[in-house]
Amino acid sequence: MCGICGFIEKNDTPAGEEILDRMMSSLAHRGPDQGKSWLSGPAALGFRRLAIIDPGGSTQPMANETGDKVLVFNGEIYNYQALRQELLSAGHRFSTQGDSEVLLHGYEEWGENLPEHLRGMFAFAIWDKKAQTLFAARDPFGIKPFYYTVAGGSFIFASEIKGILQHPAYEKRLNTEALEQYLSFQYSVLEKTFFQGISQLLPGHFLTFQRGSASLYPKRYFLPMLTPARSGKRKEKSEEEWINDLDRAVSDSVTAHMTADVEVGTFLSGGVDSSLIAAKFTGDKTFTVGYGKEDGYYNEIPLARELAGELHLEQHTKRISEKEFWEAVPEVLYYMDEPSGDSSAVALYFLSREASRYVRVVVSGEGSDELFGGYCIYCEPQALHLYQKLPKSLRRRIARMASRLPDIKGRSFLMRGSMSLEERFIGNANLFTAKERARLLKDKTIALSPQAFLEQDYKSAEALDEASRMQYIDLLHWLPGDILQKADRMSMAHSLELRVPYLDREVFRVAKNLPAACKQKGQVSKYLFRKMAQRHLPESSANRKKLGFPVPLGHFLTSEMGDRAVRKAFDSKAAEKFFNRDALEELLAGRGCGRGNTNRKLWAVYAFLVWYEIYFPEESAS
């Protein structure tokens, strides 16, 4: 795991070493072991290394034998040894034993088709001196980040936005369209980031930048489309056959993800995803965090301790106090680069810190819910099925009446049952509606409604069952924008490499074909995955309800410490600049109570205000 950065200048003047050094320094947490640079003419490439594979070799930036192609690479390629043999057979010569050089020779052999050969997590850039082009690619699911901009004709890129901010050609400005979408989705959902002019290379994409022509061509090479097998086929697989296929794929992936020249640990919560990895991985150290009392809802440590004991694994834990939580928020948001309304990032920050004291690499369970239908909301189509047989006009009238009721059990069912899937589901987080965020924000933007933003994605998946369409939306947006974003940033904040065995191309080949009945059965989510997990785990662990780093947000927001932190942010100049006071007061009045998501809405606004003060201090103070 590493940090990469660089730039290609528009003019023929030599690239500035001082600028590159500043960019690299801002990414030092991603690679504390070594920092090296390569400059030639208008091109500058920087690399911060966290040595995991071939620690004595594979130094980057790395050039090919002729020196006309140079690579910087962040990630791990798990099939690099097989690719290496294939390339050796094709006549390529290697001088190192690691995975980095495979990318260089792979690009020489396969060109822009290189990413399709790779099994792993990656973001890399290759500068071709002869062609004066830069080729960059990001892994299929978006595990590793890649940001870029064209400023003053220069192409600038980095693993994190903070690296680009060090380049003097880029003028820092807020993208208010990103703010508006964030208020609905809880994370930065756009290809364009919160910083005007800076974009992310989307998952499953590559781009080519041609110097001199200001041309930029992002292209998709992978789409996480689900193709669930339909019942009634003559050679339909049995449940047992699906379990066998999935078990083999997951076991093979966990084994591949253990490849390292350093010790590998694992995150372990009380849930089935991390528990299964703990049962299958070959290390012996586990890491868990929690809040509150020993037997409280927000503390997963006792459940993890029980399983670690049964699996004969060493457990390391950290119980997070409220004081630690609030003190960590600014640092968390600094490392996140963009605002995040997901308060579980704080728990992941402490979990990564704890693990980094013992190991350099951990495996973790991200992606399982999106691949195998693990979120409870995916069971909603089945729950609404009979109710939605009523005429839509009748359901709309019932919903209008229900909206005037107190927030009691059943109210949400009646209201959501009146909507189409496209209307009610924008992803696992659904905070402010377009109408609510318009009332909250002082200034209008050109932002689409969440439904309009997702319209084309829903059309692409219109042949799927409703639960699979929900999964597809989350695979495209929620997974890279929230889950993987915080996983990368919080682990890298502590120079810890985090690997995600479920997000593997071979596992996806099985998961994408799972029939709907194998994913949700009644109100049981991730049905077949749980059946498979029962082969390796106690039944209580395999069937445990998902928690997902639960945070006692209601308590924290209403405590003396929380009240002080929130009111300070809501009374700030940034709050006055962006938000209407009446809407903010409504959020404050509703915190800590009710069945709705007022606490999460309030937290999203608070997180943005804290983030804004960190990245735009000059405007916050004016």
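**Helix α18 and the second largest pocket**

A: The largest contribution to the lining of the second largest pocket comes from α18, which gives 7 residues. This is a predicted model, in which local features need pLDDT of at least 70 and side-chain atom pairs count only at pLDDT 80 or more, while totals for chains, interfaces and linings use all residues. Residues are numbered from 1 along each chain as its sequence is written, and side-chain values use heavy atoms, with hydrogens and water left out.

A pocket here is an open set of points on a 1 Å grid over the protein atoms alone, where a 1.4 Å probe fits, with protein on both sides within 12 Å along at least five of seven lines; its lining residues have an atom within 4 Å of a point. The volume of the second largest pocket is about 530 Å³, counted as the space filled by probe spheres set on the points, which are joined across faces, edges and corners. Its lining consists of 32 residues, and those closest to its centre are V189, L190, E191, L202 and H477. Two or more lining residues come from each of the elements α5 (176-185), α17 (450-460) and α18 (466-492); helices are DSSP runs of H or I with at least four residues, numbered from the N terminus. By residue type, the lining of this pocket holds 18 nonpolar, 7 polar and 7 charged residues (nonpolar: Ala, Val, Leu, Ile, Met, Phe, Trp, Tyr, Cys and Pro; charged: Asp, Glu, Lys and Arg; polar: the others, Gly among them).

Apart from neighbours within four places in sequence, D482 is in contact (heavy atoms within 4.5 Å) with Q186, Y187, D342 and H477. H477, in turn, is one of the residues closest to the centre of the second largest pocket.

L475 also lies in helix α18 and counts as buried, at 3% relative accessibility. With neighbours within four places in sequence again left aside, L475 is in contact with P224, L226, E370, L371 and P480. Between L475 and L421 there are 54 residues in sequence and 16 Å in space, C-alpha to C-alpha.

Key:
Buried < 20%, exposed > 50% of the residue type's maximum accessible area, 1.4 Å probe, protein only.
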